[in-house]
Amino acid sequence: MEKYEHLVKQWLKENQARAARLLQLLVRENSTRGNESSTQAIVIEKCRQLGLTLDIWEIGGDELKSHPAYCCDRHSFEGNPNLVAVLKGVGGGRSIILNGHIDVVPVGDESNWADDPFSGAIECGKLYGRGATDMKGGNVALLMAMEAIIASGIKLKGDVIFQSVIEEESGGAGTLAAVLRGYQADGALIPEPTNMKIFPKQQGSMWFRITITGKAAHGGTRYEGVSAIEKSLQVIQSLQQLEKDRNARVTDPLFNKIPIPIPINIGKMMSGEWPSSVPDTALIEGRMGVSPEESIQSAQLEMEKCLEKLCDQDEWLKKHPLKLEWFGGRWQPGTLETNHPLINELTNSFIEIKGEQPVIEASPWGTDGGILSTVGNTPVVVFGPGITELAHDANEHILLDDLFAASKIIALTILRWCQIEETY
């Protein structure tokens, strides 16, 4: 085993420039929602060069859209395919899914960027551009780990199932489509930007919309009306208390360094059309975090009861109940025992490459891991290069040294998990 691991580590050391160039190619392509095809084409060609068995398809159809875990509001996926590329094992070993998403979030206000958001520029050991951290850097770590194994002439016993999926940022339709296509494994690794920490647990989340009804009136006689804005403040206060109550129940030590393990965030508010009028409608939209140990449905029910209680205590709201809707993005929570064999193999590989114990925590955000584990019945760990705090931010970048280290750690994990066929 040691000689094979040495070959892989040496190949990765000698091909760091190749990894950086590949990441530059990916970052320079804009793969925001609906524009994934050009970036995906680069990944497809790379997998073709590696001799992997390719499965390329456009997602959609009734089976996907009718599934309870499907939550995407995208009407067409035409021209932007999913990719699964398999390195087939000789048999007798454990299989692994290597799952990465190719879509990125919009760049926002470009004036906040020091350079072109898709520059792929390298400065002081950092590669810049939208998606460098979230999560094209992680995708390159997967591809380089696989290429190192192939280039070293190593045959694995278990299958390696590489997935480059679309639509993660909007709820995971790409990964759900891969699961429904039949892809499952003995374990899965998702290289999201974890600051090189290991995340056995992922917070779930979902978007909500609350409509508040008031009574219009002239601003000069506002006492004749009921302000929907003022009522919305009561709603927000109730949600803030609900957040406190829910987080007080979270005692898992993996959340100790996360100030609010399962937040309730108000991300959008709309109300009023005229300064001199009392607004009769207000709209609140936000995101509700879901604990790894609870279901989406139980979290929804808790918010519903919270708002029902508020309505019961307020005479106006009792007659004009709040309207709660669940819409848009929804990410399934996921959990894996910290002593699971996959965690152990990843930890040992980390120690060998980094010379120190890894930090093991819970994820502060949702990933496609919840779909792989809850729908696909595949144990999932999240670990990858990339700076958590820079995901979705301006001047996003990745430390190339972390990318190189992650490639080695993942490669060793694959060798140990899938096992090497040493009889050839």
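Buried means under 20% relative accessible area, exposed means over 50%, and partly exposed is in between, with a 1.4 Å probe and protein chains only. Keep that in mind for the first pair.

Before that, the ground rules. This is a predicted model, where local features need pLDDT of at least 70, side-chain atom pairs count only at pLDDT 80 or more, and totals for chains, interfaces and linings use all residues. Residues are numbered from 1 along each chain as its sequence is written, and side-chain values use heavy atoms, with hydrogens and water left out.

Salt bridges, then. I call it a salt bridge when a side-chain nitrogen of Lys or Arg is within 4 Å of a carboxyl oxygen of Asp or Glu. How many are found in the whole structure? The search gives 26 salt bridges.

Take Lys46 and Glu147. Their side chains form a salt bridge, at 2.7 Å from N to O.

Next, Glu396 and Arg130. This salt bridge is 2.6 Å, N to O. Glu396 is in the loop between β16 (380-383) and β17 (397-399), and Arg130 is in the loop between β5 (126-128) and α5, so the bridge ties together parts 266 residues apart in sequence. Both residues are buried.

Now Asp73 and Arg33. Their side chains meet at 2.6 Å, N to O, in a salt bridge. Asp73 lies in the loop between α4 (62-65) and β2 (82-87), Arg33 in the loop between α2 (16-27) and α3 (37-49), and the two are 40 residues apart. Buried or partly exposed: which is Asp73? Asp73 counts as partly exposed because its relative accessibility is 47%. Arg33, at 37%, also counts as partly exposed. Both belong to a network of salt bridges that links Arg33, Glu36, Asp73, Arg74 and Glu167.

On to backbone geometry. Most residues other than glycine have a negative phi, and most peptide bonds are trans. Here are some exceptions. Asp134 and Met135 are joined by a cis peptide bond, with omega about -10 degrees. Met135 is in helix α5.

Asn377 has a positive phi, near 50 degrees, and is not glycine. Its place is the loop between α11 (369-374) and β16. Asn377 is exposed, because its relative accessible area is 59%.

Gln419 also has a positive phi, near 75 degrees. Gln419 lies in the segment after α12 (400-418). At 34% relative accessibility, Gln419 counts as partly exposed.

Why does Ala362 count as buried? Because its relative accessibility is 1%. What does Ala362 touch? Leaving out residues up to four places away in sequence, Ala362 touches Phe199, Lys201, Leu254, Phe255 and Ile258, where contact means heavy atoms within 4.5 Å. From Ala362 to Met135 is 227 residues in sequence and 18 Å in space, C-alpha to C-alpha.

Methods:
Helices (H or I, at least four residues) and strands (E, at least two) are DSSP runs, numbered from the N terminus.
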